[in-house]
Amino acid sequence: MNRSGIIRKIDNLGRVVIPKEIRKLLNLNIQDEMEVYVSENNEVVFRKVNVDFNINTFAYNVGKSIFDALNEITIVTSTDKIIATFGDTIENSELTDEAKSIIEKHNYTSYNGGNTISLVENSPSYFAQIFMPIIKDDRSVGSVIIASKDKNFDLSHLRYLRLATSVVELLING
């Protein structure tokens with residue numbers, strides 16, 4: 001166990017203030033739920049409650065951030081449907097079997113040039129796409145897709161690969 005060297009007193013209501021440095025380090029925010037228990041070594045342990053992952057809430061924040069950074073079509077999906085799109089509108093939200101199988105692979109996947117994949121039935125195909133899986137508890141729960149309708153567009157450009165790698169790491173490691 002790492003010691004911080006910071007000592008706090010219990011106030012008259014039995015409260016202890018968690019130092020700002022520790023809150024920042026552990027990404028603890030106002031209204032976060034904390035579990036408190038006594039360990040086998042008689043130590044009091046505070047642990048942030050692991051709130052269930054909500055892909056719908058996640059979709060807007062991550063999708064909008066990627067779109068704002070790259071100004072390219074960004075799509076966030078669950079395993080079977082499109083949840084959010086930025087820079088494009090897709091009428092039908094049910095994914096094609098081909099798109100579903102890519103998401104289930106758990107791997108970063110990239111298509112460029114003449115390889116087109118239709119994400120939903122009766123919608124335009126995209127000529128360049130990056131699929132980044134959203135992994136939760138060792139299973140795919142969706143994907144983040146960066147796409148282009150431009151036949152000559154190349155998503156292998158270094159900035160796309162860096163962003164894709166960063167997002168995948170963030171999603172996998174929390």
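Lys64 is partly exposed, with a relative accessible area of 28%; partly exposed lies between buried (under 20% relative accessible area) and exposed (over 50%), with a 1.4 Å probe and protein chains only. This is a predicted model, in which local features need pLDDT of at least 70 and side-chain atom pairs count only at pLDDT 80 or more, while totals for chains, interfaces and linings use all residues. Residues are numbered from 1 along each chain as its sequence is written, and side-chain values use heavy atoms, with hydrogens and water left out.

The side chain of Lys64 meets that of Asp68 in a salt bridge of 2.9 Å, N to O. A salt bridge here is a side-chain nitrogen of Lys or Arg within 4 Å of a carboxyl oxygen of Asp or Glu. Both Lys64 and Asp68 belong to helix 2 (residues 55-70), where they are four residues apart, about one turn of the helix. Helices (H or I, at least four residues) and strands (E, at least two) are DSSP runs, numbered from the N terminus.

## Other salt bridges

The structure holds four salt bridges. Side chains of opposite charge can pair when their charged atoms come close. One of the bridges joins Arg15 and Asp11 at 2.9 Å, N to O. Asp11 is partly exposed, at 29% relative accessible area.

Another salt bridge links Glu35 with Arg47, whose closest N and O atoms are 2.6 Å apart. Glu35 lies in strand 1 and Arg47 in strand 2, so this pair ties together parts that are 12 residues apart in sequence. Glu35 counts as partly exposed at 33% relative accessibility, and Arg47 counts as partly exposed at 45%.

## Surface patches

A nonpolar patch on the surface is formed by Val36, Val38, Val44 and Phe46, which together have about 390 Å² of accessible area. Accessible areas come from the Shrake-Rupley method with a 1.4 Å probe; for residues, only the protein chains shown count as cover. Patches are made of residues with over 30% relative accessible area and no salt bridge; like charges are joined within 9 Å, and nonpolar side chains (Val, Leu, Ile, Met, Phe, Trp, Tyr) within 5 Å. Strand 1 (34-38) and strand 2 (44-48) each supply at least two residues of the nonpolar patch. Phe46 is placed in strand 2 and is partly exposed, at 47% relative accessible area.

Arg8, Lys20, Arg23 and Lys24 form a positive surface patch. Lys and Arg count as positive and Asp and Glu as negative, with His and the chain ends not counted. The place of a charge is taken as NZ of Lys, CZ of Arg, CG of Asp or CD of Glu. Lys20 lies in helix 1 (residues 20-25) and counts as exposed, at 60% relative accessibility.

## A buried loop residue

Leu95 lies in the loop between strand 4 (82-86) and helix 3 (97-104). Leu95 is buried, with a relative accessible area of 4%. Leaving aside neighbours within four places in sequence, the contacts of Leu95 (heavy atoms within 4.5 Å) include Ile82, Ile103, Leu119 and Val120. Leu95 and Leu119 are 24 residues apart in sequence, and their C-alpha atoms are 5.5 Å apart in space.

## The chain as a whole

The chain has four helices and seven strands. From the N terminus on, the elements run α-β-β-α-β-β-α-β-β-β-α. Of the 174 residues of the chain, 34% count as buried.
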